[in-house]
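Me: I have a new structure open and would like to learn how to read its features. Could you take me through some of them?

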Amino acid sequence: MAKLGNATAVAKGGNVKMKVVGGLILAVIALIILLSIFNFASTDANRIGLHYGGGVIEDKKFKSIIPPGSTNKLIGPGDKLYTYPIDQRSYIIGGAGADTDNADEVTVVSKDNVRLGIRVQVYFTLNRDPKVIQQFHERIGLKTEAYTQEGWDAMLQSYFRPQIDRALAAVGTDYLWNELYNNEARKTKFQTAAATKFTELLPAAVGGDYFCGPSYNGTNACGELSFTIQKPTPLDKGIIDGLEAKQRAELAKQAQEQKNQQINVELQSVKQQVALLGSQGYLLKSAIESGKIQFMVIPQNGNVSIPVPTPAATTPR
């Protein structure tokens with residue numbers, strides 16, 4: 001009987017252990033199921049998130065904004081998070097650090113039909129007003145996948161570049177090529193006109209005011225995008241060579257004119273001296289001044305000894 005009791009006690013202890021282990025297994029399985037059902041959303045400090053329903057138990061609609069720098073925000077099963085940059089961004093055409101090929105330029109035809117190459121820099125931030133950024137995502141972001149880096153670059157190329165080309169082409173025909181190449185005031189006026197035109201064209205092309213100036217921080221006024229251009233340069237380098245040759249000729253002409261003016265001044269001085277001294281007197285004065293004639297002042301009734309040069313002795317051969 002004692003042995004039977006011991007066996008029964010061991011059996012009961014084993015059942016308890018099995019139940020505990022089984023409970024732990026069930027808890028782990030339940031946790032895995034819960035984690036698979038629910039999502040957690042996080043955003044970097046320089047990115048804002050748009051939370052959309054996943055369509056498992058609800059419609060695929062916008063639900064909320066996830067602020068920058070959020071960590072493990074609980075979202076529903078199957079929900080999706082799309083993030084966009086909120087820091088200053090740029091679109092640069094040509095040169096070091098360009099978003100295009102280094103040698104790329106915008107081609108513009110001047111008023112006098114000279115083709116110019118222009119490099120452009122645009123600096124901006126994304127408008128983070130909830131309604132505006134939601135509209136941007138649904139109209140532009142989803143189509144171009146702008147929430148990814150590759151998609152963002154493709155979006156800029158698709159929407160920014162054509163409007164920059166149009167803006168520069170629209171105002172370029174108001175200026176002569178050498179004004180844009182050599183005249184800083186005219187170049188600045190051209191840049192301002194191009195920036196104004198680009199600011200008009202971009203919202204119309206993308207369908208809204210999705211982009212703000214580089215100083216926008218989400219609480220202040222949106223502001224205008226920063227639009228700058230580098231020195232427009234003729235694509236035909238022979239035009240620049242011709243301009244430089246013309247400038248060299250102009251400088252040489254100016255130097256000759258200055259020389260001629262100096263000669264005229266000297267000639268007038270000679271004429272005045274001849275009129276005063278007579279031609280022989282002027283010649284004598286000039287010879288004395290040049291050192292060709294030497295003279296001495298002899299006091300009246302004074303004795304003067306004039307040294308006579310001694311001929312050099314010759315050696316008989």
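Me: Which residue is the bridge partner of Gly117 in β12?

Reply: As a general idea, strands of a sheet pair through backbone hydrogen bonds, either parallel or antiparallel. Here, Thr233 in β12 is the bridge partner of Gly117. Two bridges join β8 to β12, and these strands run antiparallel. Strands here are DSSP runs (E, at least two residues; helices are H or I, at least four), numbered from the N terminus, and two strands pair if DSSP finds at least two bridges between them. This is a predicted model, where local features need pLDDT of at least 70 and side-chain atom pairs count only at pLDDT 80 or more, while totals for chains, interfaces and linings use all residues. Residues are numbered from 1 along each chain as its sequence is written, and side-chain values use heavy atoms, with hydrogens and water left out.

Me: In what order do the three strands of the open sheet lie?

Reply: The order is β7-β8-β12, with antiparallel pairing. β7 and β12 (233–234) stand at the edges with a single partner strand each, so one side of each has no neighbour in the sheet.

Me: How many bridges pair β7 with β8?

Reply: Four bridges, in the antiparallel sense, pair β7 with strand β8 (residues 115–118). Val109 stands opposite Arg115 in β8. The hairpin of β7 and β8 has five residues between the strands, and Asn113 takes a positive phi near 65° there.

Me: Which residues of strand β7 are on the covered face, and which on the uncovered one?

Reply: In β7 (residues 106–109), Val106 and Val108 make up the covered face, while Thr107 and Val109 form the uncovered one.

Me: What is the angle between helices α2 and α3?

Reply: Axes are lines fitted to C-alpha atoms, for helices over the stretch in contact, and angles run from 0 to 180 degrees between N-to-C directions. Helix α2 (residues 130–144) packs against helix α3 (residues 149–172) at about 110°, with the axes 8 Å apart. The two helices are therefore roughly perpendicular (65 to 115 degrees; under 35 is roughly parallel, over 145 roughly antiparallel, the rest oblique). Phe136, Ile140, Lys143 and Thr144 of α2 make the contact with Gly151, Trp152, Met155 and Tyr159 of α3 (contact means heavy atoms within 4.5 Å).

Me: Is Thr83 buried or exposed?

Reply: Thr83 is buried, at a relative accessible area of 17%. Buried means under 20%, exposed over 50%, and partly exposed in between (1.4 Å probe, protein chains only). Thr83 belongs to strand β5 (residues 80–85).
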